[in-house]
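Me: I would like to learn how to read the features of a structure I have not seen before. Please show it and take me through it in turn.

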Amino acid sequence: YVTGAGWRKLDDTNDDACTNLLVLAAQAKSQGAEVKVREELRGDRWYITEIYDLSPSQQPVAQEISFQVAECLFGWTAAFVQQGTNITARIQLNADSDVSATLLVEVKNRWKRGIEDKWSFRFGCGACALTFQVAWTTSNPHLQVRVKKGGGRSNLGLWHTDDSGDVASHEFGHLLGHPDEYAEDNICPNRSPKNTGTVMDDNTEVVQRLCTPFCDRLGQSTFQV
């Protein structure tokens, strides 16, 4: 993917050429490097025939983001670090006394995997995919969560050990600044949008509009990975 040009095929006239270009492209991506490319139009398709002058770009500045969110009777603080297209949230889990250390480790792994798999590499900004990370911490958290043993209805500040990674992904969405999107007739009868079939509705899909604010913050457009 070339910024300003879009997707390009690598020269495939022979296996060695394609492999070498793929290695250079992977190196540039891993280093966040800026490169020069030479292209050739064949029929109606552009091919990259050369990649050169890899210049590692400067690491984006990490920004602490925090803002208030209000919906119906609810209100909370969205908070995270955004460093380019990487978003990290520091979460402190405060387990009840009957939650064993072994169980806490298991739920940490389940929730981290569920959150990061759900949100990361779905959409991107410019030429880079958005990635989301959870950093469990005991100091300076963006969010403190009580961990209660068993099942029950969870919310941003209370998670249950039976919660799946999908449930944790929904609560993580609140920390990113997104309100609920499921129907709540008694408390939020005028909620909009609702019944959207997204992670903020039924804990399922991350959609483009949920990722667009992170690209907007960078002044870049959002694309689907």
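Me: How many residues apart are Glu116 and Lys112 in helix 2?

Reply: An α-helix has 3.6 residues a turn, so residues three or four places apart point the same way. In this predicted model, Glu116 and Lys112 are four residues apart in helix 2 (residues 101-119), which means that about one helical turn separates them. Helices (H or I, at least four residues) and strands (E, at least two) are DSSP runs, numbered from the N terminus.

Me: What forms between Glu116 and Lys112?

Reply: Side chains of opposite charge can pair when their charged atoms come close. The term salt bridge is used for a side-chain nitrogen of Lys or Arg within 4 Å of a carboxyl oxygen of Asp or Glu. Glu116 and Lys112 form one, with the closest N and O atoms 2.6 Å apart.

Me: Is Glu116 buried or exposed?

Reply: Buried means under 20% relative accessible area, exposed means over 50%, and partly exposed lies in between (1.4 Å probe, protein chains only). Glu116 counts as buried, at 18% relative accessibility. Lys112 counts as partly exposed, at 30%.

Me: Before going on, what should I know about the numbering and the model?

Reply: Residues are numbered from 1 along each chain as its sequence is written, and side-chain values use heavy atoms, with hydrogens and water left out. Because this is a predicted model, local features need pLDDT of at least 70 and side-chain atom pairs count only at pLDDT 80 or more, while totals for chains, interfaces and linings use all residues.

Me: How many salt bridges does a search of the whole structure find?

Reply: The search finds 12 salt bridges. One of them joins the side chains of Arg8 and Glu39, at 2.4 Å from N to O. That pair links distant parts of the chain: Arg8 is in the segment before strand 1 (9-10), and Glu39 is in strand 2 (residues 33-42), 31 residues apart. Arg8 is partly exposed at 23% relative accessibility, and Glu39 is partly exposed at 30%.

Me: Which residue forms a salt bridge with Asp11?

Reply: Asp11 pairs with Arg42, and their closest N and O atoms are 2.9 Å apart. Asp11 lies in the loop between strand 1 and helix 1 (15-31) and Arg42 in strand 2, so the pair ties together parts that are 31 residues apart in sequence. Asp11 counts as buried, at 8% relative accessibility, whereas Arg42 is partly exposed, at 24%. Salt bridges also link Asp11, Asp12, Glu40 and Arg42 in a network.

Me: How many of the residues of helix 3 are buried?

Reply: Nine of its 11 residues are buried, so helix 3 is largely enclosed by the rest of the structure. The buried residues include Gly165, Ala168, His170 and Leu175. Contact means heavy atoms within 4.5 Å. What covers the buried residues of helix 3 includes helix 2, strand 5 (74-83), strand 6 (86-95) and strand 9 (131-136). After helix 3 comes Gly177, whose phi is positive, near 110 degrees.

Me: Which residues does Ser169 touch?

Reply: Ser169 is found in helix 3 and is buried, with a relative accessible area of 0%. Leaving aside residues up to four places away in sequence, Ser169 touches Gly114, Ile115, Lys118, Trp119 and Val199.

Me: In what order do the strands of the open sheet lie?

Reply: Two strands pair if DSSP finds at least two bridges between them. Three strands form an open sheet in the order 8-7-12, with antiparallel pairing. Strand 8 (128-129) and strand 12 (222-224) are the edge strands, each pairing on one side only. Two bridges join strand 7 (residues 123-125) to strand 8, and Cys128 in strand 8 is the bridge partner of Cys125.

Me: How many helices and strands are there in the protein, and how many residues?

Reply: There are four helices and 12 strands. Of the 225 residues, 40% count as buried. The C-alpha atoms fill a box of roughly 60 × 40 × 30 Å, taken along the principal axes.
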